[in-house]
Amino acid sequence: MEPNREGEVWVLAEQEDGSLHDVALELCGKARQLADQLNVKVGAVLAGHRVRHLVDRLIAHGADRVYLVDDERLAHYQTGSYARVMCTLVEQHRPQIVMYGATPLGRDLAPRVASYLRAGMTADCTDLQISDVTEARTGKVHKNLLLQIRPAFGGNIIATIVNYDQWPQMATVREGVMPMLPADHSRKGTVVEAQVALTAADMPLRLMERHLEPRKVNLKGARVIVAGGGGIGSKENFRLLYELAGAIGGAVGASRAAVDSGYIGKEYQIGQTGTTVRPALYIAVGISGAVQHRAGMEESAKIIAINTDPQAPIFSIAHYGIVGDYKKVIPMMLRALKERK
Amino acid sequence: MPYDCIVCVKQVPDTANVTASAMNEDGTVNRAALPAIFNPEDLHALEAALEVRDRYGGTVTAISMGPPKAAEVLRDCLYRGADRVILLTDRRAAASDTLATSYILSQAIRTLGRYDLVFCGRQAIDGDTAQVGPQCAEKLGIPQITYMEQMGELREGIVRVRRNIGHGWEVVECPLPVLITVIPAANQPRPPAAKRVMRYKRARAAAELAAQVKAEMPEAPEDLIAAEVQRRVEALRAEGLLIEQWDLDRIGADLSRCGMAGSPTKVFRIQSIVLKREGHVQVPPTEDGIRQLVRELVVDRILG
């Protein structure tokens, strides 16, 4: 599609069984910021069955218009039906930006929609900005483009991707990297009831069985995280990290090396293939700091690194570095914390 | 009932294992120095296809799009059991983004004609986008099932698959043809078979032979080189060791949808991650040092 500079900034309001995914609200906040810069409205696409009650939360978190598609055939996600909804609405309303959470659902849906629309699509962004861009080849200045910023090449580079002329500009955004705005219940917004014609061809899949595991670990919400790496050495040694986390009211996390060694479960993993976190304090214990791990935690407000190897890359992003054995350092921290009380 | 499977495979730089020898002086990664490997998840896609063939009969065809060197992963496919391999190589396809790549791959799949299942790895480790599989399915107008973690029954033209949905799994059924993207939990890729390695280790694509001849006879005139390449191509063909090679004309591709022209996304800026030591406060590992640190964190209201 041709660029539509008056187009809205859209968010897919991902929900499951009538409850909104956190990332939907994070994206509403980001969309609000981008839309204010562009002087346009924020739209949220809410598709599902019996999901009307979610409208108010989307508005409170930044949406101006909620495009509601309520249909019993949308009760369970499948690529075909949801892609039909998105493609139909995008063609009708021509938003300039469409954002999805980089969740399993978002990363299944967004490329299918992009392919149908022949639009550009950037996966797994960690930042989005609005800026004028000069096209190197032609010297042409493009006003107010969406800069789509993401790690690439195994986290060894940060690439900024733009889409000059085949709009909408679409991106999936990693969970947990955009701060969620506090809900403002005085905000006003409108609901646009949308009808989308679904056919049997849009729903080729039959759901036979579904099994959901409750989320046991809430790393994203933790103010303090004590994370262990391969240097912890054993499952038993993680107890010391739990003690420290308990003493300061934090959560325990881990690097891939610790998870792969079987010291701790995969749900604790922080990094490119795990959870992305940005706590007030991140204590990295026995973590060397591979780029893949750093991609998931370097936005933390303060980072303390404890490692016996003074050359460990983790020190390059740390605010405080302690070169030493964590088995001695953590008990010292526990004592210092006790003294304080 | 036999099934015909197509597998899309990619040769990628080994971004997961960056060693000291691949680091530049300035602390950035020298991408050219990384070894080229078989994209790890594509090995699981190949295995899924081979298991379908072993169980129900049929064929496995592997396609790889890339420079001539990408024929290396196709030889690996032959070693592991693929029946047919195709190298999709064309300079005009360079700089394709995921949309253009999926268009080119879908044109190649259409050119093959009949198929029941297309398997792809979930994503490639150089870009981690996971877009080419779903985009290919859309271009072919067939359903997609992403993140397959277990292959189920194939019966009367319907496949049953267990797919990972992040915080759990679901089992779905879908009529064929379908495109499936595979995650490592799905299977254990078989190793190359010694017999097949012996049989196919000399298999080459024409583009590889051309590079070989040019390296051997750098001073020779063009027509002589062309004749020698042709001779080697025919010799390999006679032995059944010529790797099929297709270009964009062979697959009837619309050039405006390939390469730079067909790619809506453009890389505007690349910043290397620099592994350089920056300033941080060194805290001595002593009772006093730690006490001071805790005090500072309390003053800064980081510890409550």
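In this predicted model, strand β6(A) is covered on both faces: A:I97, A:M99 and A:G101 are buried on one side, and A:V98 and A:Y100 are buried on the other. The strand spans residues 97-101 of chain A, and five of its five residues are buried.

Two strands of chain A pair with β6(A), as tabulated here.

| Partner of β6(A) | Residues | Sense | Bridges | Bridge pair |
|---|---|---|---|---|
| β11(A) | 169-173 | parallel | five | A:A171 with A:M99 |

Chain A is assigned two domains: domain 1 comprises 9-127 + 161-202, and domain 2 comprises 224-340. Their C-alpha centres lie 35 Å apart. Four residues of domain 1 of chain A and five residues of domain 2 of chain A form the contact. On the domain 1 side, the touching residues are one nonpolar, one polar and two charged.

In soluble globular proteins, nonpolar side chains tend to be buried together. The largest nonpolar core of the model holds 138 residues, of which A:L46, B:V7 and B:F119 touch the most other members. Beyond its neighbours within four places in sequence, B:F119 is in contact with B:C5, B:V7, B:A45, B:A48, B:A49, B:I180 and B:V182. A separate second core of 51 residues includes A:I232, A:L240, A:V277 and A:V285.

Definitions and conventions
Residues are numbered from 1 along each chain as its sequence is written. Chains are lettered from A and ligands numbered from 1 in the order in which they are written. This is a predicted model: local features need pLDDT of at least 70, side-chain atom pairs count only at pLDDT 80 or more; totals for chains, interfaces and linings use all residues. A nonpolar core is a set of buried Ala, Val, Leu, Ile, Met, Phe, Trp, Tyr and Cys residues joined through C-beta atoms within 7 Å. A residue is buried if 20 or more other C-beta atoms lie within 10 Å of its own, exposed if 12 or fewer, and partly exposed in between; C-beta atoms are placed from the backbone. Two residues are in contact if their C-beta atoms, placed from the backbone, lie within 7 Å. Domain bounds come from an automatic or database domain assignment. Ala, Val, Leu, Ile, Met, Phe, Trp, Tyr, Cys and Pro count as nonpolar, Asp, Glu, Lys and Arg as charged, and the others, Gly among them, as polar. Helices (H or I, at least four residues) and strands (E, at least two) are DSSP runs, numbered from the N terminus. Two strands pair if DSSP finds at least two bridges between them.
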